[in-house]
Amino acid sequence: MPRPQPQTITFSIDGREVQAPENMMLVDAAKLGDVEIPVFCYEPKLGQPVGACRMCLVEIEGIPKLQTGCSTPVKDGMVVYTQSERVKVAQQSVVEFLLINHPLDCPVCDKGGECPLQDITFGYGSGISRFIEPKRHFVKPLELSPLIAIDRERCILCYRCVRFSQELSEDYQLVLLERGAHTYVSTFDGHPYVAPFSGNIVELCPVGALTSRAYRFRARPWDVEDAGSVCSLCPAQCNVTVTVRDERALRVLARDHAEVDDGWLCDKGRFAYQSFHVDERVVEPLLRDGGELRPVSWERALTEAAAWLARAGGHTGAIAAGGTTNEEGLLLARLLRERLGSPHLDSRRAGALPLELHRALGDPRLQAKVSDLEFAHAVLVLDTEPVDDAPIFDLRLRKGVRRHGLKLAVASARESALEANAALSVRFAPGGGGAFAAALAGALAGDGDSAGLVRLARAAGAEPEQVRELAELLKSAGSEIVVLWGERLAAGPNGAAGARALLSLAATLGMGATDGAGLFEIPAFANGRGLREAGVLPNAGPGLSETRSCAPADGLSSGAPGDATGVPNGAARVSAARDVRGIAEGLAAGELSALYLLHCDPLRDLPDSELWERALARAGTVVAHAPFLTEGIREHADVVFPAEAYPEKEGTVVHPDGRLQRLRPAIARPGMVRAEWQVIAELALRLGFDMDVLSAAMASQRLFDAVPFYAGLTLEEIGGRGVRWQERDAASAYPPTTLDAGARGAGELAASASISDDDAEMEPGPNAVDLAGYRSIWDAPEVEFAPALEFLFPRAHAVLPLSYAGGERT
């Protein structure tokens, strides 16, 4: 859908000529002329204004009555006055009315010092009150939820919180009860306000009526400093501002970025900061001694880890996950490939794909942006649940449907929170995403009546008629189609077939040649895309380049077994590169002897926990970077390096749409925690491999030099807003794709999307219960160990869908 392209008009405000986009609300247009119009209820992110508070009244030439600036669009030639006597009297009256029932408790109010009501009262109020009657009183404060306290005496009824609940997150939990002067904000029947995005109402509230229970009475605005960073607790990578006092995070606020988060945060991103400072956090190196993990010095931990890795050499596997930065991933890959001679490393929970598919799925011409989820003609949510995988995308899709007429389709193996907003919702069997994508591609290519499509639809556990209906919806929606897909679509034995089906889908819809259309993957891990581009894959180096065969470096291959600088001679040549599952199988079979884990607990984060239990029990050495001693780390790690929290890190991550973003340190590292790039570099040095990385900036420069399509990038260019590498000239260095979904003719596109015999024989997953498993971002240590969020930590449960036997519904 074409983005709005408003024309520029000229209007006058307080004698100044100002140029602004036509139909921009007067409150916003006034800022372009350096004129401030006070507001309480107005917030552009909430949608159409309601004009509830009347604080923004202005005088417009030719209109007899005062007008609300928040709901008046500017027109060419408009003449506006904000400083006339009529306007001043009106503003003073509004302030006086608002203060009639507002308590004078600024000295003990959490909002004091950063309160719009305070500022506007001083700037626009009369300074006196004629009201002498008793103020209204409520019981205070009340727990609106486990996260939020409400003081109804302070509420000015701006409606912001209620509008967010009903029009943005659409949980419909907050309502206004009673009428007139007795009106107050509540929930239906007093139920707690529990929702994925509830914390946003604290930041929206223009007074101290809604406060964070975790931040309440912790600090004053003049006691704290703010530092910008990027939340790497999920793939959405929202921009945040960390409120810091005495080197501790006291609060996390949204840092508005229209192309990333639209100014919102989920409750995990807003409240998980408490986990950075809990007693359960690992803050010193640990070494297994006598069957127990015991604190040791960095010297001993590094020495022991280097000795054990040297013995394992090419028989070492590594997995990077979570919020691992690009720099940490690159250094880990270099350590394994260039020093230990091991190609066994991965960062995909779903396992390996052929390199040509990785390249094709990342083709710059096929990459949709976050804003495309809002402005596209249609979005297909395929085998992912945004509220569990990357919650902010859920809000963006709802916004697109509500404001721009987006046609939303959902195809999933389980119930979706977006089904009420979807024009069409289709279910398939767990593990059937790849077969479903192949069937849909065939239906779009004109094979809607073929026996192959019916077989594929049945293999996916979907009804063929629903597949055809979805194809018709996408065909008729328009040219800008976005497919928002989850990494699990390309997982398991049919992973490669699922990826090819996805590319056929993109080809049939002409995504490569259409601006505003494309594929948008939600990876399983927060920096999944960045780690792949940094080369943390078994079959790809930095920039998705071809990998050379690995062998231990000279100093290692000739060393004696057990020597800190030697590995067994038999490790001089190693087996074919293994992905996540292959590493587990290799460890369980005794073919691999060491495992390096970067922000990963295989028993929590990876599928097939039974296999991983055997693998970890058989592993000779497990070295882990971990912020908490989760089950797998506590029971099986031999060396644990304390991991940094994201506000302690310095480096870069890559958003799922290809935007490189910069992490900057906001708080001090607790205890003996060190920078993790530094730990990996020091470990390599003890193995005789000098990476020549002495600072975080040097590590970033090594990354930019190693990845061809990052060439010429600098940290200054990334800045605080990030850079999409696809929009830079260096994007031309992206490796050529053999499955080119963007440059083929119409005939070839149709042929590529038609159903082949191999596709038609695609098998459904082996077991519905196994493949129905998924891990929500709420099932994480940061939620489990944050006191405020502990109630949101999900407990294991089973959802048993309809079963399918041989593709037939039973």
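## An open sheet and its helix

Let's start with a sheet. Five strands make up an open sheet in the order E2-E1-E5-E3-E4, and their pairing is mixed. Strand E2 (16-21) and strand E4 (67-68) stand at the edges with a single partner strand each, so one side of each has no neighbour in the sheet. Please keep in mind that this is a predicted model.

Further inside the order, strand E1 (residues 8-13) and strand E5 (residues 79-81) run parallel and are joined by two bridges. Which residue of E5 is the bridge partner of Ile13? That partner is Val80. Helix H2 (residues 85-99) packs on the sheet, where it touches strand E3 (57-60) and E5. The direction of helix H2 makes about 165 degrees with that of E3.

## Glu170, a buried loop residue

Next comes a residue in a loop. Glu170 lies between helix H4 (160-168) and strand E8 (174-177). Is Glu170 buried or exposed? Its relative accessible area is 16%, which is under the 20% limit, so Glu170 counts as buried. Its backbone also deserves a look: Glu170 has a positive phi of about 55 degrees although it is not a glycine.

What does Glu170 touch, leaving aside neighbours within four places in sequence? Its contacts are Phe164, Ser165, Arg398, Arg402 and Asn421. With one of these, Arg402, there is a polar contact from side chain to side chain, at 3.2 Å.

## Another glutamate with a positive phi

Glu247 has a positive phi of about 65 degrees, and it is not a glycine either. Its place is the loop between strand E12 (239-245) and strand E13 (248-254). With a relative accessible area of 47%, Glu247 is partly exposed, whereas Glu170 is buried.

## Aromatic pairs

A search of the whole structure finds 11 aromatic pairs. Phe393 is buried, at 0% relative accessible area, and Phe520 is buried with a relative accessibility of 0%.

Now for Trp725 and Tyr734: why is this pair called stacked? The ring centres are 5.6 Å apart and the planes make 10 degrees, and planes under 30 degrees apart count as stacked. Trp725 is buried, with a relative accessible area of 1%, and Tyr734 is buried as well, at 9%. Together with Phe709 and Tyr710, Trp725 and Tyr734 form one aromatic cluster.

## Charges over rings

The charged end of Lys45 sits over the ring of Trp264, at 4.2 Å from its centre. Arg251 lies over the face of Tyr215, with 4.4 Å to the ring centre.

How does strand E26 (residues 651-654) arrange its residues, and which of them point one way? Gly651 and Val653 point one way, Thr652 and Val654 point the other way, and all are buried.

Strand E26 runs antiparallel to strand E27 (residues 659-663), and four bridges join the two. Across this pairing, Val654 stands opposite Leu660 in E27. The hairpin has four residues between the strands, and here Gly658 takes a positive phi near 95 degrees.

Where is Pro141 found? Pro141 lies in the loop between helix H3 (116-124) and strand E6 (142-143).

Key: Residues are numbered from 1 along each chain as its sequence is written. This is a predicted model: local features need pLDDT of at least 70, side-chain atom pairs count only at pLDDT 80 or more; totals for chains, interfaces and linings use all residues. Side-chain values use heavy atoms; hydrogens and water are left out. Two strands pair if DSSP finds at least two bridges between them. Contact means heavy atoms within 4.5 Å. Axes are lines fitted to C-alpha atoms, for helices over the stretch in contact, and angles run from 0 to 180 degrees between N-to-C directions. Buried means under 20% relative accessible area, exposed over 50%, partly exposed in between (1.4 Å probe, protein chains only). A polar contact is a pair of N or O atoms within 3.5 Å; within protein, one must be able to donate a hydrogen and the other to accept it, and residues adjacent in sequence count only if both atoms are side-chain atoms. Rings of Phe, Tyr and Trp (its six-membered ring) pair if their centres lie within 6.5 Å; planes under 30 degrees apart count as stacked, over 60 as edge-to-face and the rest as tilted. A charge sits over a ring if NZ of Lys or CZ of Arg is within 6 Å of the ring centre and within 35 degrees of the ring normal.
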